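Here are my notes for when you open this one up. Have a look at the fold before reading on.

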Amino acid sequence: MYFNNRRPASDPVYADTVIWQCSECNCWSRKEFVAEDEPKCPMCNSKMHEETKKIRIE
């Protein structure tokens, strides 16, 4: 049967990634995708601060 040929599911892999987190809403962005030194939130225009977040990479 088709369903018997599936590969076994592997555990997801996570990595610590530096992000910019909004101080007011739930918006965040990876640091490598932001060109500004002190970015503002694109959703609510509030100040963002630097944090580390575990992001799934595989």
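Among contacts in the chain between residues at least 6 apart in sequence, what percentage join residues at least 24 apart?

1. The figure is 53%, with contact meaning heavy atoms within 4.5 Å. Bear in mind that this is a predicted model, where local features need pLDDT of at least 70, side-chain atom pairs count only at pLDDT 80 or more, and totals for chains, interfaces and linings use all residues. Residues are numbered from 1 along each chain as its sequence is written, and side-chain values use heavy atoms, leaving out hydrogens and water.

2. On secondary structure, the chain has zero helices and three strands (DSSP runs numbered from the N terminus: H or I of at least four residues for helices, E of at least two for strands). Buried residues account for 19% of the 58 in the chain (buried is under 20% relative accessible area, exposed over 50%, partly exposed in between, with a 1.4 Å probe and protein chains only).

3. Now Met48. Together with Trp20, Cys22, Cys27 and Cys41, Met48 makes up the largest nonpolar core (buried Ala, Val, Leu, Ile, Met, Phe, Trp, Tyr and Cys residues joined through side-chain atoms within 4.5 Å). Leaving aside neighbours within four places in sequence, Met48 also touches others, including Trp28, Pro39 and Pro42.

4. Thr17 sits in strand 1 and counts as buried because its relative accessibility is 13%. Its side chain reaches the backbone oxygen of Ala15 at 3.4 Å. Beyond neighbours within four places in sequence, Thr17 contacts Arg30, Glu51, Thr52, Lys53 and Ile55.

5. Asp11 lies in the segment before strand 1 (14-22). At 68% relative accessibility, Asp11 is exposed. Asp11 and Glu58 are 47 residues apart in sequence, yet 8.7 Å apart in space, C-alpha to C-alpha.

Key: Polar contact = N/O pair within 3.5 Å; in protein donor to acceptor, adjacent residues only side chain to side chain.
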